[in-house]
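Dear colleague,

Please find below the structure that I am handing over to you, followed by an account of what was found in it.

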Amino acid sequence: MSTREWTFPASYAQERVWLANQLDAGSPVFNVSIPWAFPAGVDADTAGDVLNRVVARHEALRTHLRVDDGALVQVVRAHEPTPLPTVDLGHLPADQRRAEFARLRTELARTPIPLDAPPPWRARLIRMEDAWTLVFVAHHAVFDSHSAVLFHAELAAFCEAARTGAEPAVPELPIQYADFAVWQRQQLTGDELDRQLAFWTGHLAGAPPVTGLPLDRPRPARLGFAGDEVRFTLPDGLLDRVGALAASAQATPYMVLLAGFAALLSRISGDTDVVVGVSTAGRDNPELASLIGMFVNPVALRCDVSGDPTFTTLLHRVRDGLLDAMEHGQTPFQRIVEAVHPQRDPSVQPIFQTALNFIPDSGLDPVELGTTKDDLAFDVTTAECRLVYRTALFDRATAAAVARRYVRLLTAAVAEPDRAVGALPLLTDDERELVLAAGTAVAPDGPATTVVDEVQRAAAATPDGTALVRDGVTLRYAELNAAANRLARLLVARGLGPQTRVALALPRSVELVVALLAVLKAGAAYVPVDPAYPAARIAYLLDDAAPALVLATPDTAALVPGEPLVLDGTVGADQPDADLTDADRLAPLRPHHPAYVLHTSGSTGRPKGVVVEHRAVTAYLAWARHTYPGLAGVALLHSPVSFDLTVTGLLGTLTAGGTVRLAALDEPAARAGGRPSFLKVTPSHLPLLDGELSPTADLVIGGEALTAEQLADWRAAHPEVAVVNEYGPTEATVGCVAARIAPGEPVPPGPVPIGTPTWHTGALLLDAALQPVPPGVVGELHVTGVQLARGYHDRPGLTAARFLPCPYGPPGTRMYATGDLARLRPDGSLDYLGRRDDQVKVRGMRIELGEVEAALLAHPDVRAAAAAVRVDNGEPTLVGYLVGPADADSVRAGLARELPAHLVPAALVRLDALPLTPNGKLDRAALPAPAATTPAKDSYVAPRTDAEALVADVYADILGVEKVGALDDFFTLGGNSLRGMRAMARIRAEVDVDLPMRALFGSPVVADLAAQLEQRIAAELDGLSDTEVAALLAAEEDTDR
Amino acid sequence: MSEPRFLVVRNDEEQYSIWAADRELPAGWHDAGFAGSREECLAHVDEVWTDMRPRSVRGEGTS
């Protein structure tokens, strides 16, 4: 005997929930749990009868969903009383009973309810001590939070009626849910729908497509529903104060909670344009008030947090925005998604990723489902609140911190609503202290020294040790020191002393090292001028630095204007060998005097000279000698002295009694004498380091961001060597933050942390208002301490702009605003996240180039890689560069598996080698543009298999496109979720294979979906050969025509 | 919103910097008597900070 059933169009809300559920039909993410305790004295039969009466009244509880002819319909079945399974826990001791009840309740709540079969709910009757409790779980497609209130009221009314025999006190139901759906479909069509969609597309134009919240992990290529939650309570009286502020601002408490949420998101993400999801009840008509069903429609609230408003101002903005959004709250959200984001990105929930619900009292049971729909969603209640979060993106500790910060910020905001949002506290006092402690240097300050003191100390300790090797020429410490002393005396005689500058236009040579030390010994500062530079650059540097003297060799003298002092081997030969004393100098040399001026290019503007004092250099060198034991051995010095990375291997070695081997990496001399003990390189140098060049004690990497993938091969070949990732702008002297990776220590994939501040450095992470950011949150790195440069030579304004008063250090001290973004990791080390100015976006999505580069390098046949955002044709495009024999298609497939769609480069370019600057950094400007068009993308490839032909035909038909090729993408051709539903229904009808909707979202390209189809068929027709499957497919096609 | 205002500030070493006018000035720094937009303040610093050596080491060198 079959049950009678009727079909009606699904409502928009049902359609939206159904579509979302298709991404993982086996997830309980849309389960709503509504337990209810029957009054004592109601027996199991009565309880079952009461539930059946409620089900009989509401068609929604007898509804399931089905795709008919490519359209989603709701199927309403006639009521048939169903028996209620019972579990008797009455005999158990109280605590065991409670535990068992909780287990049963959770088990039921976590059991997925398929939408394509009746009924859309599950129930158990559980006998507790002396009464029965109903555990009831419904699918969200038929049940919203107001339904829960109705459900409880009706259960109570029928119980009361059963007890007294009177008529049940339940309202008449003039219409049923399906009537509403039919009415809604008639209402929201044509011009009316267009008008509403126009509002939303306008409202959301230019909105960030994804929240800038810092994530603990990169976005996976595809989102699931895996989630977790942290629970918390609001401090006593906070909701009262929220209510009071709301009343005084003609707002609702919910608006205050939302304004606090928007402020929090803005502060954590740095975004001033924040989009938050809110729900509308969707029950505007009085006939709907008493109906159980799904009426809720999400709307996007766009909050403007720009201009550092006060909290009151933000509240007014949120109030106006929410009223506006609510007025257009009946526009089906799914339609808005299709209109605003026709291009699906399965790594991001469309339009909003965060939400806040205020549920003062719904009767919903917040069972932990282990699922989430949003990246972050607050449920604020009068009792226990919760923050549900996506576990693919966030750690539990991060979510807990977000909840804590929300409470703290909201508490402060309602106490002082006229405070600027940017000044509201996010951190607890403990956290603030922790964060600021990292901003203060910890090393006990010994007496400041000069580089000259330190070199002479080493020379005196090991006069016969080898100090310098260049092209087979060897200088002992005594020899090098004496040569430098002789030249220094000559320099003094020429009028050079503290606070003057001497340019070194010298090639990589013994003379270079002697001259550099001589300048320091005279008390002056050296200014390296690489003779390999173009003439215009040399002229610029000399003009900018205005040195009192230029030193050159006979080979380089012609390259510099004016009258250089040419070091021909005889210059200063007649001077005494002894160390200079202050009496020999024109003025005493003090640690506060400049030691060198190095020019840095930066990304914009002309190169500027960074003036670094002796005390800064010796502070760094003290740490370096302690950290790098290899400096006392042989350091291979290959990089130019104009690059501050070179200071470690040169002055670090000469103050440690070690040997400097001066040679370019590609010179045979670099290998003469066996492996060095110390080597410092940029990450771009790593592929060049073979066994002979690799150091035995310390490999130091600096100058550029480092990823584990770049490092992996070298570490595998040299497991016994420590690696240090050293971070340091020239303005903070060589290295100010560093991470040591011990031999054997595993390095997780992705960017390598830069570690912790060095001895004499403080590292502060501050937001735009120079407030410390919470741990885990991205801030601009500000460096404090003795290693700070004096400033930029002859650039007072630029110096003032970058060296700021430090509010967190000793009075009168400065902090250097690095322009670098970083965040504090849970282990206390720092993650480097790129330049602040380089925050590149493609189609509104922030691009982390490091993530792209790491994913490229993860391919076994990619030796080196780079990523760049190019604007060659007006539109920013992400381009990947790779070195190695890897097949482009296999690289692309690997990227698509690992990365969200927006991080997959639109073009891949193969290079013989990455272009490097003279300092060994990646030369981004020299990366070539990709070929104008990628032929495979634009040209038509005819379907190659029967499955491809089938999929292509279906696409063409559903999308109204004349010709669909094997490489065409459903969504690029104009497909959307609703059309996708039709396409999948059609494919199902053609070949009778159950392909889920998520197959289309994951594989929208004809060839990929066809491959999935063939796999399914193969699986379902286990035992048939490929040929037979193909024959079947062909037969299906034939009958279709 | 109007452009945020800054102050030109100076410490005891007579090093100059800039600071948002509505923020509390850190200890050891003093208002140098000029306020304006960020760019105006930096231009002013370019004019007035003529000796970039910290005050404590001026007069010690050879220039």
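A:Cys736 counts as buried, because its relative accessibility is 0%; buried here means under 20% relative accessible area, exposed over 50%, and partly exposed in between (1.4 Å probe, protein chains only). This residue sits in the loop between strand E27 (722-727) and strand E28 (737-741) of chain A, where helices (H or I, at least four residues) and strands (E, at least two) are DSSP runs numbered from the N terminus. Residues up to four places away in sequence aside, A:Cys736 touches A:Tyr727, A:Gly728, A:Pro729, A:Thr756, A:Pro757, A:Thr758, A:Thr761, A:Val783 and A:Gln787, a contact being heavy atoms within 4.5 Å. From A:Ala71, A:Cys736 is 665 residues away in sequence and 62 Å away in space, C-alpha to C-alpha.

Please note that this is a predicted model, in which local features need pLDDT of at least 70 and side-chain atom pairs count only at pLDDT 80 or more, while totals for chains, interfaces and linings use all residues. Residues are numbered from 1 along each chain as its sequence is written, chains are lettered from A and ligands numbered from 1 in the order in which they are written, and side-chain values use heavy atoms, with hydrogens and water left out. The model scores ipTM 0.96 and pTM 0.79.

With a relative accessible area of 25%, A:Arg825 is partly exposed. Its contacts, neighbours within four places in sequence aside, are with A:Pro753, A:Leu830 and A:Asp831. Along the chain A:Pro753 and A:Arg825 are 72 residues apart, and their C-alpha atoms are separated by 8.6 Å.

In helix H10 (residues 333-340) of chain A, the buried residues are A:Phe333, A:Gln334, A:Ile336, A:Val337 and A:Glu338. Their cover includes helix H1 (12-22), helix H6 (190-203), strand E11 (297-304) and helix H25 (977-991) of chain A. Why does A:Gln334 count as buried? The reason is its relative accessible area of 11%. Beyond four places in sequence, A:Gln334 touches A:Arg16, A:Leu19 and A:Ser977.

The search of the whole structure finds 6 cavities of 30 Å³ or more. A cavity is a set of points, on a 1 Å grid over the protein atoms alone, where a 1.4 Å probe fits but cannot get out, and lining residues have an atom within 4 Å of a point. The largest cavity holds about 100 Å³ of space, a volume being the space filled by probe spheres set on the points. Of its 13 lining residues, A:Thr211, A:Asp271, A:Asp273, A:Val274 and A:Val275 lie nearest the centre. Helix H8 (253-269) and strand E10 (273-280) of chain A each supply at least two residues of this lining, and E10(A) gives the largest share, 3 residues.

Chain B has 1 helix and 3 strands, in the order β-β-β-α along the sequence. Of its 63 residues, 40% count as buried. Among contacts in chain B between residues at least 6 apart in sequence, 42% join residues at least 24 apart. The mean pLDDT (the predictor's confidence in each residue, from 0 to 100) of chain B is 89, and 89% of its residues reach 70 or more.

With kind regards

Notes. On a 1 Å grid over the protein atoms alone, a cavity is a set of points where a 1.4 Å probe fits but cannot get out, and a pocket is an open set with protein on both sides within 12 Å along at least five of seven lines; lining residues have an atom within 4 Å of a point.
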